[in-house]
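Subject: Structure handover and notes

Dear colleague,

I am passing on the structure below, together with notes on what was found in it. Please read the notes with the model open beside them.

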Amino acid sequence: FCAEIESQGSKARVYGEMLRVDIPFPIPEPDGCKSGIQCPIQKGHSYSYLNRLPVKSEYPSIKLIVKWELVDDQDQMLFCWKIPVQITS
């Protein structure tokens, strides 16, 4: 992503979207500065973010939309994407 704002840090928020309701989903490392982004984030610079979303065996079989957001230290959006997923046993 190309940063449109400056920030000292960043934080990931992940949700499972079911029936148009966002259900928070914990990830092992929400700190974007520990996920490939060199902080502080500078406006106009490009960054590559890398993180993982573990799928545990106890999760139910389900289709849903995963929404992944990365926000700055003022809770402003750095980027957001949505992707349809299907978890199967």
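In these notes, helices (H or I, at least four residues) and strands (E, at least two) are DSSP runs, numbered from the N terminus. On that definition the chain has zero helices and four strands, and its pattern along the sequence reads β-β-β-β.

Before going further, please keep in mind that this is a predicted model, in which local features need pLDDT of at least 70 and side-chain atom pairs count only at pLDDT 80 or more, while totals for chains, interfaces and linings use all residues. Residues are numbered from 1 along each chain as its sequence is written, and side-chain values use heavy atoms, with hydrogens and water left out.

As for the chain as a whole, its C-alpha trace spans about 40 × 25 × 20 Å along the principal axes. It exposes about 6,200 Å², of which carbon and sulfur atoms supply 53%; accessible areas come from the Shrake-Rupley method with a 1.4 Å probe, and for residues only the protein chains shown count as cover. Of the 89 residues in the chain, 30% are buried, where buried means under 20% relative accessible area, exposed means over 50%, and partly exposed lies in between (1.4 Å probe, protein chains only). Among the contacts in the chain with a separation of 6 or more, 58% are accounted for by residues 24 or more positions apart, a contact being heavy atoms within 4.5 Å.

Turning to the sheet, two strands are taken to pair if DSSP finds at least two bridges between them. The four strands form an open sheet in the order E2-E1-E3-E4, with antiparallel pairing. Strand E2 (21–25) and E4 stand at the edges with a single partner strand each, so one side of each is left without a neighbour in the sheet. From one strand to the next the twist averages 30°, with axes being lines fitted to C-alpha atoms (for helices over the stretch in contact) and angles running from 0 to 180 degrees between N-to-C directions.

The pairings can be followed across the sheet one by one. E1 and E2 run antiparallel and are joined by five bridges, and Val 14 has Phe 25 in E2 as its bridge partner. In the hairpin of these two strands, which has two residues between the strands, Leu 19 takes a positive phi near 55°. Eight bridges join E1 to E3, again antiparallel, with Ser 10 standing opposite Asp 72 in E3. E3 and E4, also antiparallel, are joined by 10 bridges, and here Val 71 has Met 77 in E4 as its bridge partner.

Next comes the core. A nonpolar core is a set of buried Ala, Val, Leu, Ile, Met, Phe, Trp, Tyr and Cys residues joined through side-chain atoms within 4.5 Å. The largest one holds 13 residues, and those touching the most other members are Ala 12, Ile 37, Ile 41, Tyr 49, Trp 68 and Leu 70. Strand E1 (10–18), strand E3 (62–72) and strand E4 (77–87) are the elements that give two or more residues to this core, and E3 gives the most, with three residues. Leaving aside residues up to four places away in sequence, Ile 41 touches Ala 3, Ile 5, Glu 6, Ser 7, Gly 9, Ser 10, Tyr 47 and Leu 78.

Which cysteines form a disulfide? With a disulfide defined as a pair of cysteine sulfur atoms within 2.5 Å, the count comes to one, and it is formed by Cys 33 and Cys 39, whose sulfur atoms are 1.9 Å apart. The torsion about their S-S bond is about -85°, so the disulfide is left-handed. Both cysteines are partly exposed, Cys 33 with a relative accessible area of 29% and Cys 39 at 26%. Cys 2 is in no disulfide, the nearest cysteine sulfur being that of Cys 39, 15 Å away, and Cys 2 is partly exposed at 44%.

Cys 80, which lies in strand E4, is likewise partly exposed, with a relative accessible area of 39%. Its sulfur is 17 Å from the closest cysteine sulfur, in Cys 2, too far for a bond. Not counting residues up to four places away in sequence, Cys 80 touches Lys 67, Trp 68 and Glu 69.

With best wishes
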